[in-house]
Amino acid sequence: MTSTDALRFGLVGTGPWAGRTYGPALQTHEDVDLVGVWGRRPEAAAELAAAHATTAYDDVDALFAACDAVAFAVPPDVQAPLAARAAAAGCHLLLDKPLATDPAAGRAVVDAAGAAGVASIVFCTLRHSPVSATWIAEQAAVDGWFTGRADWYGALYVPGDDAAVRATTPWRAERGALWDVGPHALSVLLPLLGDVTGVTARPGPGDTVHLLLRHTTGASSTATLSLTTPPAAGGVAVELRGAAGVVTMPMGGTAQESLAVAVDSLLESARTKAAHPCDVRFGLRLTEILAAAEASLASAGAEPRLGE
């Protein structure tokens, strides 16, 4: 049941992520009143709105005017300019990752949110999952981490399988694992090892990318990111090594549960005016690091073949 002082939320987006995760999490949250949905396809917006007993809006700015906060479940390069408009309209922001794929576009959202004084959260799933978030907080308090690794092996599609590519979100097929699961890896490594001071990226099979990261603490880390992993080889792993030994991150919970925690965090940030560690500025930093990794990939050139 929605409370009488619930925050009025709008939902931007009508795809599978909006329908399976954002819509249900917002509709069932007792401190949220889901007042409307907008999407680039009006018929999809009408269908999603009907499924969650709310209103479909034809005009996104009209939705912003009716809301206290807006949740975004659209591709990053659609999200960024709309989020800046929502912030200018005075709406708190629940943003999906990545914030943007262009640092300038991400910076515009940061500027708009700062000028309007609105709260923001970038939804990096593991930073809001009670199981992994507790582990991250515990390990961040431990000194002496020497190195770490974060591996995201997804089996979302296989290159050349046109049907599989069509079944997923087009921007993921276009931008690949670096931009889709890269934010997840970085969102865990940064609070544990410090900000990234340098990144080198090299390609692997399919859309696989290998990152070598240097951190402000002096530690180094690696990340392997893929959406084209053979299904039997898929999985996620985060490991730290240091003076305290070797530790691995536990997994658990659902995306809806994590999103409910992210909503709680946004409500708290809006109430207290205190910035959350995963706010829009953190989202911008992830975009900056991933853009640097993409530039490293582009400049790598042909690698020498050993033994020839």
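How much space lies in the second largest pocket? About 220 Å³. The views below come from a predicted model.

**View 1. The second largest pocket and the residues at its centre.** This pocket holds about 220 Å³ of space. Its lining is made of 16 residues. Closest to the centre are A113, G117, V118, A119 and S120.

**View 2. Helices in the lining of the second largest pocket.** Helix 5 (103-116) and helix 13 (280-299) each give two or more residues. Helix 5 supplies the largest share, three residues. By residue class, the lining of the second largest pocket splits into seven nonpolar, six polar and three charged.

**View 3. The largest pocket and the residues at its centre.** The volume of the largest pocket is about 1,200 Å³. A total of 45 residues line the largest pocket. Nearest its centre lie W17, R20, K97, R172 and D180.

**View 4. Helices and a strand in the lining of the largest pocket.** At least two lining residues come from each of these elements: helix 1 (16-28), helix 4 (76-88), helix 6 (125-128), strand 7 (145-153), helix 9 (170-175) and helix 12 (255-272). Which helix gives the most to this lining? Helix 1 does, with four residues.

**View 5. Residue classes in the lining of the largest pocket.** Nonpolar residues number 22. Polar residues number 16. The charged residues of this lining number seven.

Note on methods: Residues are numbered from 1 along each chain as its sequence is written. This is a predicted model: local features need pLDDT of at least 70, side-chain atom pairs count only at pLDDT 80 or more; totals for chains, interfaces and linings use all residues. Side-chain values use heavy atoms; hydrogens and water are left out. On a 1 Å grid over the protein atoms alone, a cavity is a set of points where a 1.4 Å probe fits but cannot get out, and a pocket is an open set with protein on both sides within 12 Å along at least five of seven lines; lining residues have an atom within 4 Å of a point. Grid points are joined across faces, edges and corners, and a volume is the space filled by probe spheres set on the points. Ala, Val, Leu, Ile, Met, Phe, Trp, Tyr, Cys and Pro count as nonpolar, Asp, Glu, Lys and Arg as charged, and the others, Gly among them, as polar.
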